[in-house]
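Hi,

Here is the structure I said I would pass on. Have a look at it first, and then read on for what turned up.

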Amino acid sequence: MSDPLVKIRDLKIEGRSDETWTPIINGVDLDLNRGEVLGLIGESGAGKSTIGLAAMGFTRDGVRISGGSVEFDGIDLLGASAAVKRGLLGKRIAYVAQSAAASFNPAHKLIDQHTEAPTQHNVSSRSESVQDGVELYRRLRLPNPDEIGFRYPHQVSGGQLQRAMTAMAMSCRPDLIIFDEPTTALDVTTQIEVLAAIRDIVEQFDTAAIYITHDLAVVAQMADKIKVLLKGDEVEEADTRTMLSAPTQDYTKSLWAVRSFERPKKPAVLTTATPIVSVCGVTAAYGKIDVLHDVSFDIHQGRTVAVVGESGSGKSTTARCITGLLPPRIGHIEFDGVEMPLDYRKRNKDQLRQAQMIYQMADTALNPRKSIGEIIGRPVEFYMGLKGREKRKRVEDLLAEIELEPTQYIDRLPSELSGGQKQRIGIARALAAEPKFIICDEVTSALDQLVAEGILKLLAKLQDELGLSYMFITHDLATVRAIADEVVVMKDGEVVEQGEKAAMFQPPHHPYTDLLLSSVPEMDPDWLSNLLNERGVDNIGDAAVDKM
Amino acid sequence: MAGILKIVAQRLALGLITLFVVSIIIFVAVNLLPGDFAEAILGQGATPESVAAIREELGLDRPPVVRYLEWLGNAVRGDLGTPMSQALFSAYSGSNAGSGIGTVMEQIAPRFRNTVYLAGLSAAIAVPISITLGILTALYRNSAFDRAMNIFTLSSISSPEFFLAYILILFLAVLNPILPSLSNVNAEMSFWSSERFVKTLLPALTLTLVVTAHMMRMTRAAIINLLASPYIEMARLKGMSPMRVIVKHALPNALAPIINVVALNLAYLITGVVVVEVVFVYPGIGQLFVDSVKIRDIPVVQACCLIFAAAYILLNLTADIMSIISNPRLRHPK
Amino acid sequence: MSVWMWILTILIVILAGGWMFRKVGQITSGNTPYFRDMPYGVAVGYVAAALTLLFVITTYIKALSAEPGAEANKYFFFKLAIHFLLISAVAAWVFRWLGRQIGTAGTRKLFRQMPLTASFGILVIILYALTAIFAGAIAPYGQEEILGNANVVPGGDPNIGGDPKYPLGTDQIGRDILSRLIFGAQNTVGIAFATTCLAFFIGASLGFLAATLGGWLDQLLSRAVDALMAIPALIFALLLMTIAAVWANKFGIPLTLFMVVIIAVIDATRVFRLARAVGTSIVVMDYIEAAKLRGEGLTYLIFREILPNATAPLLAEFGLRFCFVFLTIASLSFLGVGIQPPLADWGTMVRDLGQFINFAQFAPQVALTPLLAASAIALLTVAVNFVVDWMLHRSSGLKE
């Protein structure tokens with residue numbers, strides 16, 4: 001076999017913080033052969049994107065390569081002159097960014113940006129590359145391929161832009177493409193069609209690719225081999241099937257195990273029991289436009305109701321109606337059989353206390369200028385009237401409850417905590433009010449998988465101990481599978497389907513639920529191929545949604 | 001295209017309303033004078049006859065709303081009233097002052113020309129320099145050049161205009177007699193004559209110093225913001241030359257912020273002009289304004305105030321509309 | 001036209017020099033990446049910087065070796081400026097060095113990260129504050145004291161009309177200029193500081209109220225501020241000062257008091273904008289929502305949740321606003337409608353002594369006095385701006 005296309009040896013990269021250089025990548029090797037797809041996975045801060053860019057001989061501002069070598073097809077990229085590198089970039093090495101909406105220049109049409117690389121690198125004439133662009137759009141199954149390129153980026157949807165960017169990367173038929181989390185910002189039903197398009201085109205042109213992602217199930221579909229990174233170090237590398245079936249390192253095993261966490265099924269609810277929370281026929285509007293239509297569901301004591309749906313489906317709006325931030329136009333909310341005032345300002349302290357909330361972004365949910373003790377202590381004092389030593393005792397108990405060492409954390413500021421720890425503080429603040437019911441709004445979606453699993457386990461433990469009820473808002477069906485007792489599926493402000501979890505994951509269901517469920521990538525490397533065979537190539541993603 | 005026209009029309013209407021409100025504020029402010037200002041202006045030497053004469057002359061015996069509407073109506077037609085000095089003169093001499101010599105408009109018109117010339121010259125020097133330097137500091141940010149420029153611009157922003165003016169006089173007029181320190185331009189000098197140019201150069205340079213600093217810093221911030229965009233990184237990753245990245249990818253998007261910066265700073269010139277004109281004894285509106293303030297010539301003060309405010313609003317409006325027009329999202333709606 | 005020829009020649013020399021510099025660098029260094037990948041602009045920058053440095057050094061040498069008389073007078077101010085720059089650089093460096101040695105761990109860390117400009121700024125601000133507070137004790141004479149000898153030349157050299165008793169000379173009616181400069185610190189800076197505080201009190205409280213409550217109050221205040229801000233600040237101040245002058249006459253209230261209120265109100269509109277913007281960006285945070293849902297009252301929300309997070313931007317804004325107020329007051333005084341005599345004030349001093357600048361060629365010491373007052377104003381604003389710039393830079397750096 002010939003030399004690898006990309007050969008990285010002992011790559012060391014440093015980033016600048018506070019005027020000093022700290023290592024980000026501590027000596028990573030990488031080999032990639034022609035036509036091969038390497039999946040680069042790891043949690044945030046693992047250095048995936050940095051390595052991806054370094055493979056192009058590129059570093060961002062404030063980052064520098066401090067050692068090692070990067071060779072592309074025998075060319076030393078680190079020693080090459082700027083002109084030589086420019087000759088390779090765009091022509092033989094291309095890049096697909098995470099946010100296509102931000103990475104397309106808003107001032108130019110898609111096709112003009114598409115033809116830029118071929119014309120500037122003298123690969124083909126403008127008219128040739130326009131034709132080729134239209135052909136690529138067609139192959140990537142973009143709607144109206146003849147016309148879509150003549151639009152401006154803001155006139156095209158996110159999933160379509162992501163495919164247009166893949167087409168742009170293909171414009172010079174490069175030997176290597178770096179995909180940097182291309183589907184992370186997309187909804188599941190959109191993600192699937194982008195994945196299918198990318199995989200097909202890479203296969204068709206036999207292009208080598210580095211596919212960067214944090215999502216194991218996605219990388220299982222795309223890659224021939226997988227490299228796992230942790231904090232700038234390589235954990236292990238193997239071909240995809242071996243890696244999935246028999247990981248050798250503990251870290252990799254723990255990543256894999258996250259997917260298998262699932263709570264035991266609880267006994268069914270008595271039909272006579274009064275639900276803790278009842279959402280009764282709620283219709284709500286922002287301004288004059290209704291965003292929720294006649295939403296009804298109950299949440300019973302000690303149970304978790306997962307509300308699922310894609311962005312814009314009205315999940316969070318429902319939560320705002322329950323807490324009273326957005327008073328419903330029609331319908332009402334009951335706590336324990338008692339009808340609540342619609343506006344939170346009209347509710348009394350005890351009514352406010354009953355429903356607590358945990359937010360998605362722990363960063364914005366905790367006041368950065370207050371110590372942990374103050375943040376948790378405030379509801380203790382406000383609702384329970386505890387002061388001084390009693391208050392401190394209660395705060396310490398709460399910290400112990402969320403598995404943080406009280407004396408060590410009580411005087412810290414939120415900025416001195418990790419993401420998962422901040423989310424735990426958010427939980428403690430909700431617990432401090434001694435509520436019966438907690439709304440969890442996408443609490444794990446901003447966290448790395450292992451950390452998220454810890455949070456889910458903590459929430460489950462607290463539910464068992466304190467008999468709490470949860471409304472769990474999420475778009476991630478793996479989370480639903482792990483923690484929910486009941487599921488409410490929402491789409492465009494309406495409840496599409498609701499019921500026990502077990503029933504929801506068994507067919508038959510509403511076609512939208514079906515689509516949503518089947519679009520969630522699974523760890524099986526054949527999942528995408530099977531699904532495409534099942535649905536037919538033209539019946540995925542937006543196309544499938546439109547057909548409903 | 002219809003959408004953008006609508007937005008522009010809205011902004012224009014808003015500008016008109018603002019101007020209208022501003023005229024009310026100015027009118028109300030002037031009417032805050034205790035008693036009426038005929039009395040106040042004449043002060044100790046007021047005789048009942050002279051007070052009555054001024055009152056009639058200025059129409060102070062009628063209700064404020066009528067006076068406001070009349071003042072506004074006249075102002076729109078270009079009649080800004082009679083200067084107090086003229087009214088005083090007529091009050092004492094008994095002749096009808098409204099006729100013939102010296103309306104406010106006649107006082108202001110030639111000075112307005114001069115001020116526009118001064119501001120225009122400053123802008124012509126300042127805009128190209130500051131945009132070039134602003135882009136350069138953004139491209140070479142955190143270099144020694146950038147830091148030196150930062151110190152320079154901070155210092156010149158911080159200095160009062162008269163300090164900069166005296167420094168320039170000191171070095172360019174007194175120690176090295178290159179330019180005249182007095183800007184006694186007059187109506188005989190044609191608009192494009194070199195004499196007028198040379199005499200205006202020193203005040204124009206002073207204004208340039210102040211405005212350049214502001215404009216440079218704002219341009220720099222706008223460009224840095226832009227260069228951090230993912231699409232600029234994308235262009236570089238497509239192997240485009242630095243020149244092409246700037247011209248093709250950064251510039252079309254930088255246009256809006258830069259135009260904004262320019263218009264905002266031209267608006268800033270309006271304030272700067274007042275002090276600089278006084279230092280150089282330049283016969284512009286600013287000097288007239290300050291002189292009138294000192295002798296409390298209310299009609300002239302009112303008129304100057306209205307002109308300055310109108311220019312200020314107009315420039316801010318231009319900035320607003322330009323940035324709307326240059327925004328591709330608005331130019332090509334979905 | 002020779003001036004234009006000069007400029008053109010220098011430009012050509014710099015542009016050609018840049019190209020040559022890079023070429024020579026490439027050849028002599030064996031084409032190392034540093035010279036190979038050097039953009040043309042950078043090369044030109046090096047050459048231009050070298051030429052500027054060369055010019056400054058040669059002029060300074062000429063200044064040092066100039067014969068006393070017309071020749072020396074010509075370089076008098078240049079020499080002074082260079083000395084001032086050198087002294088302030090050294091002073092700032094020493095101050096920062098001291099700051100790194102003394103104080104708590106926190107302040108020492110602060111000084112370690114501080115650029116020279118910021119330490120210079122802090123040093124100047126401290127000196128000004130001390131001068132302002134202890135003006136009565138430092139100044140050799142009273143600010144209104146007329147000492148008999150008018151127009152004594154500064155420098156204390158009797159040969160050219162000076163007097164060692166008055167190191168900076170006396171003004172046109174015989175008041176000691178040094179004393180007036182020192183009292184000016186008290187008056188000008190003190191009044192500007194009080195005005196800024198007042199502006200902040202009005203602007204910030206209304207701004208936060210508008211941000212937290214929203215609704216019609218927010219609309220009303222914001223529209224009112226929009227209208228007031230449509231008139232340029234200095235112009236509006238001049239208009240109101242005209243009217244205030246009449247009131248002051250009539251009721252015998254000092255005009256300076258009116259000025260404080262007028263400028264504070266005009267400035268409060270700018271503070272309102274910022275406070276409202278900062279407030280709104282904080283109000284949308286989830287922790288505010290959490291506090292609202294807890295049932296917290298308005299006072300708790302503003303003082304315990306919002307304000308602690310707004311201090312950094314507000315502090316920076318305070319510095320900028322102070323500069324603005326200070327410059328506006330100085331400009332008003334310079335135009336003759338600001339701080340009223342007999343209070344010693346820098347703006348007024350510049351106006352009164354301004355014409356002396358024309359004697360610079362024959363008696364540079366005489367021309368120095370108006371510039372001293374003007375640079376006293378400039379120095380403080382520069383200092384504050386240096387510090388604010390550093391603060392803003394720090395807070396933007398922390399966000400990343």
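A quick definition before the counts: helices (H or I, at least four residues) and strands (E, at least two) are DSSP runs, numbered from the N terminus. Also keep in mind that this is a predicted model.

Let's start with chain A. By that definition, chain A has 24 helices and 20 strands. How does its radius of gyration fit with a compact globule? For 548 residues, a compact globule would come out near 24 Å, and chain A has 26 Å, which agrees. Of the 548 residues in chain A, 47% are buried. As for how the chain folds back on itself, take the contacts in chain A between residues at least 6 apart in sequence: 68% of them join residues at least 24 apart.

Chain C is built from 15 helices and has zero strands. Its C-alpha trace spans about 75 × 75 × 50 Å along the principal axes of chain C. Buried residues account for 40% of the 400 in chain C. Among the contacts in chain C with a separation of 6 or more, 66% are between residues 24 or more positions apart.

Now for the places where chains touch. Where chain A meets chain B, 24 residues come from chain A and 16 residues from chain B. On the chain A side, α2 (82–88), α3 (100–103) and α4 (110–120) each supply at least two residues. By class, that side of chain A has twelve nonpolar, nine polar and three charged residues.

Chain B also touches chain C, and here the contact takes 45 residues from chain B and 50 residues from chain C. Which helices of chain B supply at least two residues each to the side that touches chain C? They are α1 (2–30), α7, α8 (161–175), α11 (242–280), α12 (285–295) and α13 (298–325). The residues on this side of chain B divide into 38 nonpolar, five polar and two charged.

In general, two packed helices are described by the angle between their axes and the distance between the axes.

The crossing of α7(B) past α9(B) is left-handed. If you want to find the spot, look for T153(B), S156(B) and I157(B) in α7(B), which meet a set of residues in α9(B) that includes L209(B), V210(B), A213(B) and R217(B). Sorted by class, this contact of α7(B) with α9(B) has five nonpolar, three polar and one charged residues.

The second pair also involves α9(B), this time with α11(B). Their axes come within 8 Å and cross at roughly 155 degrees. Since angles over 145 degrees count as roughly antiparallel, α9(B) and α11(B) are therefore roughly antiparallel to each other. The α9(B) and α11(B) crossing is right-handed. Its contact has 22 nonpolar, six polar and one charged residues.

Cheers

Note on methods. Residues numbered from 1 in each chain as written. Chains lettered and ligands numbered in written order. Predicted model: local features only at pLDDT ≥ 70, side-chain atom pairs only at ≥ 80, totals over all residues. Left-handed = near helix turned anticlockwise from the far one by under 90°. Contact = placed C-beta atoms within 7 Å. Nonpolar A, V, L, I, M, F, W, Y, C, P; charged D, E, K, R; others polar. Rg over C-alpha atoms; globule rule 2.2 N^0.38 Å. Buried ≥ 20, exposed ≤ 12 C-beta atoms within 10 Å, placed from the backbone. Axes fitted to C-alpha atoms, helices over the stretch in contact; angles between N-to-C directions. Parallel < 35°, antiparallel > 145°, perpendicular 65-115°, else oblique.
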